[in-house]
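Please look at the model shown below, and keep in mind while reading that it is a predicted one.

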Amino acid sequence: MKNKILAIAATAGTAILGSSVFSTPAQALTQTQDVTINYTVPEILYLRTFQTVNMTLDANLLGATLTAQGSGFVGKDYDPTNATVTIDVTGNADVTLDQTSPFGNLAAIQQSIPELYAVWSNSTGTVDVNLTSTPLTEVGGKTIAVNSITPTVDNFAAPGLDTPQIGGADLDLDLTNATVMGIYTGTITVDVSTP
């Protein structure tokens, strides 16, 4: 009988213990709180240019009718003022050849560089572009003066850091002293700034 009582007590104890293990736990406590984050992005200004720009004079800018021949151009015309000259018996001509250049205004040749600079900026203001240039000089010392060089895009709203603002340059060149063929070399300085 004593064993029966112990067996009943052991069974009851297991049932009580089992039911407490599998019973629903007490409700968990939770709490939330917002945290402020201050993430500073500094002002950034980034400039990209070409290292070298190779250009060739467009012969059409010279104003004369020229035909490509080999690596150069040739042209011809008749004197625009006096197509005929008469030489008298003493060897004197009644007219002289017109010495006006057929090449128009060599002192103001307009050339463009379609893309010269790309600018990224996250400034809250505008971006200012300034271009300057040295004269262009060939190895023998002949020069092409740069009358002016202006950016095609200037004083623009900062474009951000993803898609840049692209700009080029318009040049006004003086070829008056470019009396020999060859490569004329100079330097363009691109300066970008924000307020």
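Asp174 lies in strand β9, and although this residue is buried, it has no salt bridge, for the nearest side chain of opposite charge, that of Lys142, is 13 Å away. What the side chain of Asp174 does make is a polar contact with the side chain of Thr176, at 2.5 Å. If neighbours within four places in sequence are left aside, Asp174 is in contact with Leu106, Ala107, Thr143, Ile144, Ala145 and Asn147.

Glu138, by comparison, is found in the loop that runs between β6 (136-137) and β7 (143-151). Glu138 is likewise buried without a salt bridge, and here too Lys142 is the nearest side chain of opposite charge, at 6.6 Å. The side chain of Glu138 does, however, have backbone nitrogens close by, as the table lists.

| Side chain | Backbone nitrogen | Distance |
|---|---|---|
| Glu138 | Gly140 | 2.9 Å |
| Glu138 | Lys142 | 2.9 Å |

Beyond its neighbours within four places in sequence, Glu138 is in contact with Val180, Ile183 and Tyr184.

The largest pocket of the model has a volume of about 1500 Å³. Its lining consists of 39 residues, of which Met55, Thr56, Leu57, Gly182 and Tyr184 are the closest to the centre. The elements that each give two or more residues to this lining are β3 (72-74), β4 (109-121), β9 (160-174) and β10 (188-193), and the largest share, four residues, comes from β4.

How values were computed:
Residues numbered from 1 in each chain as written. Predicted model: local features only at pLDDT ≥ 70, side-chain atom pairs only at ≥ 80, totals over all residues. Heavy atoms only, no water. Buried < 20%, exposed > 50% of the residue type's maximum accessible area, 1.4 Å probe, protein only. Lys, Arg positive; Asp, Glu negative; His and termini not counted. Salt bridge = Lys/Arg side-chain N within 4 Å of Asp/Glu carboxyl O. Polar contact = N/O pair within 3.5 Å; in protein donor to acceptor, adjacent residues only side chain to side chain. Contact = heavy atoms within 4.5 Å. 1 Å grid on protein atoms, 1.4 Å probe; cavity = no way out; pocket = protein on both sides within 12 Å on 5 of 7 lines; lining within 4 Å. Points joined across faces, edges and corners; volume = space filled by probe spheres on them.
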